[in-house]
Amino acid sequence: MHDLSEELRVLSPDAANDASLSKALRLEGREVFSIRAELLVALYVAVATLVAGVGLLVKANLDRIGPVALLTGIFTASAICYAFALRTKRAKRERSLGLDYVLLLGALLFSSAVAYAEVQFHLLGDGWSRHLLLLAAWHLLTAYLFRSRLLLAVALTAFAGWLGVEARLGTPFDPLYPMLGAGPRSLLCALVFWLGSRFHAQERTDSGNGFRDVYRQFAANFGFWGALALGADSSTRWIGAVTLLVLAVVVGRAGLVERRESFLLYAVGYSTIGLVWLESLLLGSFLFTSWIGLFTVIGAVMLLLKLRARLKESTA
Amino acid sequence: MNIARPTVTEERWLLLADRYRALRSAVEATGNGGAWKTTTPLGRGLGFLLGLFGTSFLAGALSLFPSPLLVGGLLLIIAAEWLVAKRRVVRSGIEEAVYLCGAIAVAVQLLLWSDGNNEALGVAFISTAVLLAGWRLMNLLFTTLAAAGYSLAIALAGGSLLGSRMNTLEAGIACAVLAIVALVAGGRQWRRPSHDQMLDGLVIVMPWLAYGWLVTYGWGRSASIWMALALALGFFTVNVVVGVKRRRHAPLISALGSLVCAGYALHELLRLPLHWMLIVDGALLLAVAVLLDRRLRNLQVGVTSRKLDESASLDLLQLAGAAHITPAPAATPASVQGQGGEFGGGGASGRF
């Protein structure tokens, strides 16, 4: 164990905020101890496990139980989860962390049921993919109704899914719809999400707790994925490179202005990946690419250290 | 010879500034943290990634040199030492990745020269290199990785103390003993926080490894699975008690992993269909977590589930996690394929 109370007592109460200092002293003395992070992990694992179990149940018992019974069961479970959140809202109580994840479970079960119903009954016919748009709209509505960042993340991912972009690692290089291009779709998503963030312009930029932050995080990531996807295609390589550069400057600048380290990291990380990728495509020679790549990474490291120092200065 | 690293006092002040953002300016104004530069977990992650990128490019650049692993490894170690000594970076991720790769490269080159065929010795040698890098940079990930490597070396060793083909059991026992020793040692006050964190790494991972080796030892035999279940439940109980009593995160994190191990062992023993196991386990875990949160969230003293600090990394992880388990779009909905959905997609992917 280690205890930093000794150092905290040295701090002058004039220099440090009194409330923050006494809170820190209570934390160091183990007078108060939060297991929020552990509960978060447990809740996430529980929801993921449950939803995976439901998916396997559908697969294993489709013939035995039948689609109607399965759908009824999943919709009922989802409704129960929503009901918990609704009850808390009606009672005008703040939703707890646990209920946040119960609500997320409800949304995911609802998505499962709708997707299953679409596959089973072809409700939307040739326009089957619109069920994702409907789901996105539903999740967006419930996100605002319950004021849930997790549901907003689900809604934005469902919307991106409708546009044909999977929010998973590596998909920029393996688009679902290569003919239409993942790059423009990702960039369109980024634009829509950025516009969404404009509706929350009044929120504090450095809080990281509101809807604005969710929209902007998604916009930044989808924007960079789009630029990388454009760069991966030989016909749009240079458009991708320029887009990546512009995005890196814009997002990096926003990171400095709004004091958001994550934006700085996206700017440096994605642009390094893009630059190295471009170099390997253009240079061809393994040895030459390695040397140029090495210098690129060294440059990125130097830039990262410099940007961190500037961020620290601006937060000081 | 003086090794460039923060002194005990500097390390404590640096940790204080990192731990309490509201006090950072006041802490830094004291100047007790020296000229060292630290970063956030997100920044450290990107730094580590860039370090790995740089290392792989250096490997490519030196591929035509004689003894590229030794030359590259030494260059990497010198670069990492320069970063620490001159740029005064600590826990930035960059110097950690570079040092780790350098130490492993040198160890592998020496092993190649020795022309030995003893796998266990080779693994132990590489683990020692990782341990030295971990000790040098006071990195809990490396020291834990080294301990895991030593357990692998025991499992690969030709001879065995407990009889033939008992190596994996010995590896499991070694991990369990190490976990208990780390748990006991973690009870004393450590001046240098990084020493405490190194013990935390062992407290978290060693029980899981012990379970893993035990399952490997008696693959498919119910007696062995019962033993593994007892071990997982034993570590779960001990870690929960110790974690709550000492008010420490590491034993509680370890207990969460032990719970997953116990769930898997139960699945092996009961042979229930996987979907029912997942649904029952998930529902139970959700119910327990929700009830715990409900009971603890209003407590102002003692163990609570209230948010006590602002963690941007945790907020981002939650968003990424929610996005990850959101249904993925299907390419075509033409027919039912019986895939059951991806893990986390819960069959909502439309790929039934």
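A: The account below begins with the contact between the chains and then turns to the parts of chain A behind it.

The model is predicted, and the predictor assigns the complex an ipTM of 0.85 together with a pTM of 0.86. In the contact, chain A takes part with 94 residues and chain B with 94 residues. On the side of chain A that touches chain B, at least two residues each are supplied by helix H2 (18-28), strand E1 (32-34), helix H3 (36-65), helix H5 (97-121), helix H7 (149-162), H9, H11 and helix H12 (286-315). Of these elements, H3(A) provides the largest share, 25 residues. Sorted by class, this side of chain A comprises 60 nonpolar, 22 polar and 12 charged residues.

The partner of E1(A) is strand E1 (residues 302-304) of chain B; the two strands run parallel and are joined by 3 bridges. Within this pairing, A:Val32 has B:Gly302 in E1(B) as its bridge partner.

Two of the contributing helices also pack against each other within chain A. Helix H9 (residues 211-232) and helix H11 (residues 261-283) of chain A have axes 10 Å apart and meet at an angle of about 5°. Because angles under 35 degrees count as roughly parallel, H9(A) is described as roughly parallel to H11(A). From H9(A), the residues in this contact are A:Ala220, A:Asn221, A:Phe224, A:Ala227, A:Leu228 and A:Gly231, and they meet A:Phe263, A:Tyr266, A:Tyr270, A:Ile273, A:Gly274, A:Trp277 and A:Leu278 of H11(A). By class, the contact between these helices has 10 nonpolar, 3 polar and no charged residues.

Finally, confidence in the partner chain should be considered. Chain B has an average pLDDT of 86, and 89% of its residues score at least 70. Over residues 331-352 of chain B, however, pLDDT stays under 50, although the model has 71 contacts beyond four places in sequence for this stretch. Where pLDDT is low, predicted coordinates should not be read in detail.

Conventions:
Residues are numbered from 1 along each chain as its sequence is written. Chains are lettered from A and ligands numbered from 1 in the order in which they are written. This is a predicted model: local features need pLDDT of at least 70, side-chain atom pairs count only at pLDDT 80 or more; totals for chains, interfaces and linings use all residues. Axes are lines fitted to C-alpha atoms, for helices over the stretch in contact, and angles run from 0 to 180 degrees between N-to-C directions. Helices (H or I, at least four residues) and strands (E, at least two) are DSSP runs, numbered from the N terminus. Angles under 35 degrees count as roughly parallel, over 145 as roughly antiparallel, 65 to 115 as roughly perpendicular and the rest as oblique. Two residues are in contact if their C-beta atoms, placed from the backbone, lie within 7 Å. Ala, Val, Leu, Ile, Met, Phe, Trp, Tyr, Cys and Pro count as nonpolar, Asp, Glu, Lys and Arg as charged, and the others, Gly among them, as polar. pLDDT is the predictor's confidence in each residue, from 0 to 100. Two strands pair if DSSP finds at least two bridges between them.
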